[in-house]
Amino acid sequence: MTTTANSGWTLNELAERAGAELKGDGSRRVTGFSTLTDAGSDDLAFLANPAYLKHLTATNAAAVLVSPEHADQCPTNALVLKNPYLGFALLSSCFARTPQQATVGIHPSACVSESAVIGENVSIAAHTVIGDNVRIGDGSIIGPGCFIGDDSELGADALLYANVTIYHGVMIGERVIIHSSAVVGGDGFGFAHDGRQWVKIAQIGGVTIGNDVEIGASSSIDRGALGDTIIGNDVKIDSQVQVAHNVQVGDHSALAGCVGVAGSTKIGRGCLLGGGVGLGGHIEIADGVTLTGMSMVTNSIPEPGVYSSGTGVLPNAQWRKSVVRFRQLDSLAKRIGKLEKS
Amino acid sequence: MTTTANSGWTLNELAERAGAELKGDGSRRVTGFSTLTDAGSDDLAFLANPAYLKHLTATNAAAVLVSPEHADQCPTNALVLKNPYLGFALLSSCFARTPQQATVGIHPSACVSESAVIGENVSIAAHTVIGDNVRIGDGSIIGPGCFIGDDSELGADALLYANVTIYHGVMIGERVIIHSSAVVGGDGFGFAHDGRQWVKIAQIGGVTIGNDVEIGASSSIDRGALGDTIIGNDVKIDSQVQVAHNVQVGDHSALAGCVGVAGSTKIGRGCLLGGGVGLGGHIEIADGVTLTGMSMVTNSIPEPGVYSSGTGVLPNAQWRKSVVRFRQLDSLAKRIGKLEKS
Amino acid sequence: MTTTANSGWTLNELAERAGAELKGDGSRRVTGFSTLTDAGSDDLAFLANPAYLKHLTATNAAAVLVSPEHADQCPTNALVLKNPYLGFALLSSCFARTPQQATVGIHPSACVSESAVIGENVSIAAHTVIGDNVRIGDGSIIGPGCFIGDDSELGADALLYANVTIYHGVMIGERVIIHSSAVVGGDGFGFAHDGRQWVKIAQIGGVTIGNDVEIGASSSIDRGALGDTIIGNDVKIDSQVQVAHNVQVGDHSALAGCVGVAGSTKIGRGCLLGGGVGLGGHIEIADGVTLTGMSMVTNSIPEPGVYSSGTGVLPNAQWRKSVVRFRQLDSLAKRIGKLEKS
């Protein structure tokens, strides 16, 4: 898919927006953003990873975001800045396609409670249902087929795509983006056993979500049992993530796809959780912890750093042998000890 | 979020409901449920884990659920019972906020087939679609944006939150709770290869779900290929869980978040599967098996007990060394054997 | 659930359809498909796995799909063909129940943009929303509560179940099946850090999906950051799968439940990924690679074959010992080396 902005942008405009120094023709107009290799003659591209330096000289791009050290090797107009990847982020939105024609106003098929307080310039799409006493901040866009339960609040400039479900009593900050099929505020998984069967623990807490949070497609954030599940400011949550009841996620942390966090666990600030990471319940992860993909964490991690688990993939025949030996590891270790003593 | 019941409950009422012995002022009225540390002066709290005993003496709660052995240390009114956690479960619903104003009746925007049989005191919310010959039991609440396919049945007192999808031919018992974005009855993953491409195996079975089952947000339970996928009574399924075709889950088992169960596997009664556990296909798990989080199970487990897999998280540098050695485990073991013989 | 086709099929009709040789009464009519053990006297069954040979002689089925080598042991009418499992697939659709009464036409409650181009014999169910410039191919069935964003295209004979979300700019081939709560085209997980907070990278690519693709319930396929996420022809994706931005999946590959694929990774043709497999980002998996369930792949796999990771499940007490020793593996290996030198 080639992406185009209708009228495009001049390199002067883009340089200013990215805080970059322009080397070349500032009146040159670009209409798309692409990779160095795929870029056409009206596209902007970027070089962030030096491994792709070889593609720089051959690019057909109209202009390239580069760092000062690579600026001389740029065969075309250059937007020079310290962090070209950040420049890519800052300029990417210039070339984004509108997700949908968000007409301001409430679609006639939407069902909005009379007690809901809807801000200015809000768009509520077809078949969306808004409960009692809901508050929606100015400039918010609510896609089709969404549900927002009683007493929940969305700050200004929220963007909910189609078929998002927000339960009752969920407090959400400003500039939050939530993708389709995501669920915020479903019941946490709490039951007591009476010796015969499970007795449900009503989940009477809620969910509090800070500003600038993004939640990916089909992710779920459960409401608290007592007290709230809390997602800090600027937390980024990918698709297929499960956040259980009473979890707390610190500001600026990022949870990649398929992460699961069990109940009452606290994740610090600025943590990075790779895809498929699993955190057990009732543990604490310090600020600044990075967990590589599919790590299994059953105890608290009190110090920042990079942590991992798992065995890495092997040809099946070799893996089978290692798995058998893994089972024997304790006796193997004891046999080594015995040999050392003899 | 502070949760309040409008009028609250007297301690006499709560003691009777929980089967607890009251020590203190039975006419005292409480309006919320909270933790020992967060409780305000009108809140009920509980002490289940002795590790939190230190918080008991300092609590501001109006009353606390405690076991007989801790009753003397309770600084305020005490509801004394053997299992305070069970008491918490039993009383929690007194303080639950209504999920939504479930008005009895069918919302004008809902599409209900003329051949559907709707019980008494049923609430069907906006934009929900009910297929032909569907039967919905008395007292059921179906949230907005749900779909229930032809010939499916829901027993009495079902609670479906917004945007739940039930396919055709799904039989569901009484008092079932299903959370948003969950899908029951989607096709199992069945294909035969004709040497050139995949040929779909029509999934002509259904799903049978017992009484008192709860299914979490965004979970999926696939229909059977031939015969039904079967979920027993009182089975509790958390969010982001995948149950494949023709799986059978025994009564009273609980599957925590992100569990995946491959096709035709049988899980016994009273099993506990931690978060992220994966079960291979065509295996049998005995009654009373507990699997800790992220366990990978590829063979049947014929005996009850607690089972685990994985390596636990390590600092990345240390983990890298262990992973290299894991690959060499078989040769290391052989070298030990050789040393022992020499 | 017993599944029945209203009128059923004669064995002559079925033999012709499966390319099988009939041994027995070709005018015999069967009305259902079942397993050898569950089959009633009007049912068809099949024997694919020799382990079930013992059930063949005792079956009550009206007819059985068998391979030539087992035909003599069939106690009833036999449909003889080389690959009975393929025969099962080919005939299963004869006994499938219609998923819903798909009335051709647009339900009055659906909101279809005037600029959308809807093919012939298309069914669009209640409360579905179709954006501007969407194109939907002939014979497609779109279930209730779906959303299709601006400029997206569905080829002929698409089948979307209830509550599917397709974002804008998604190109989908012919004969594609997408299950409920699935999301195609949500934003990839892309952010740059400006030293203070995350800056969103607008995901300005799209998604391109080939012909004959199936996508399971609650799965998500993210749109590309620059350029498209690409799913080849005849790719089969199970439930709860996450495919990140700019991933490419080769023709005929199959991804089982709970698989997660990180960004920009390329999966070859004819790969089989077991349940819960996780692939790191920016790697390449060769054609013909099979990964067993829950494998963790952090590096490219350049050769076809079967690969695995993980440790397999152990009784918890034994596992705890092995985990401790796994941590010590490098020092254990060095101690062996030392012993060998002494």
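Predicted model: local features only at pLDDT ≥ 70, side-chain atom pairs only at ≥ 80, totals over all residues.
Visitor: What makes a residue of chain C count as in contact with chain B?

Guide: Two residues are in contact if their C-beta atoms, placed from the backbone, lie within 7 Å. By that test, 64 residues of chain C touch 67 residues of chain B. On chain C's side, the elements giving two or more residues are helix 3 (84-92), strand 40 (314-315), helix 4 (316-327) and helix 5 (329-341). Helices (H or I, at least four residues) and strands (E, at least two) are DSSP runs, numbered from the N terminus. That side of chain C splits into 28 nonpolar, 27 polar and nine charged residues. Here Ala, Val, Leu, Ile, Met, Phe, Trp, Tyr, Cys and Pro count as nonpolar, Asp, Glu, Lys and Arg as charged, and the others, Gly among them, as polar.

Visitor: Why are helix 4 of chain B and helix 5 of chain C called oblique?

Guide: Their axes come within 8 Å and cross at roughly 55 degrees. Axes are lines fitted to C-alpha atoms, for helices over the stretch in contact, and angles run from 0 to 180 degrees between N-to-C directions. Under 35 degrees is roughly parallel, over 145 roughly antiparallel, 65 to 115 roughly perpendicular, and the rest oblique. The two helices are therefore oblique to each other.

Visitor: Which residues make that contact?

Guide: Helix 4 of chain B brings Lys321(B), Ser322(B), Arg325(B) and Phe326(B), and helix 5 of chain C brings Leu329(C), Asp330(C) and Ala333(C). They divide into three nonpolar, one polar and three charged.

Visitor: How do you know that strand 39 of chain B pairs with strand 40 of chain C?

Guide: Two strands pair if DSSP finds at least two bridges between them. Strand 39 (residues 305-308) of chain B and strand 40 of chain C have two bridges, in the antiparallel sense. Ser308(B) sits opposite Leu314(C) there. On the chain A side, strand 40 (residues 314-315) of chain A and strand 39 of chain C also pair antiparallel over two bridges, with Ser308(C) as the bridge partner of Leu314(A).

Visitor: What makes strand 40 of chain A an edge strand?

Guide: Twelve strands form an open sheet with mixed pairing, in the order 40(A)-39(C)-37(C)-34(C)-31(C)-28(C)-25(C)-20(C)-17(C)-14(C)-11(C)-8(C). Strand 40 of chain A and strand 8 (105-106) of chain C stand at the edges, each with a single partner strand, so one side of each has no neighbour in the sheet. Further in, strand 17 (residues 159-160) and strand 20 (residues 177-178) of chain C run parallel, joined by two bridges, and Leu160(C) stands opposite Ile178(C).

Visitor: Why say that chains C and A meet through different surfaces?

Guide: Only 19% of the interface residues of chain C are also interface residues in chain A, so the surfaces differ. In that interface, 67 residues of chain C are in contact with 64 residues of chain A.

Visitor: Why is helix 3 of chain A called mostly covered, but Ser331(A) partly exposed?

Guide: A residue is buried if 20 or more other C-beta atoms, placed from the backbone, lie within 10 Å of its own, exposed if 12 or fewer, and partly exposed in between. Nine of the nine residues of helix 3 (residues 84-92) of chain A are buried, including Tyr85(A) and Phe88(A). Ser331(A), in helix 5 (residues 329-341) of chain A, has 14 such atoms, so it's partly exposed. Of the 342 residues of chain A, 59% count as buried.

Key: Residues numbered from 1 in each chain as written. Chains lettered and ligands numbered in written order.
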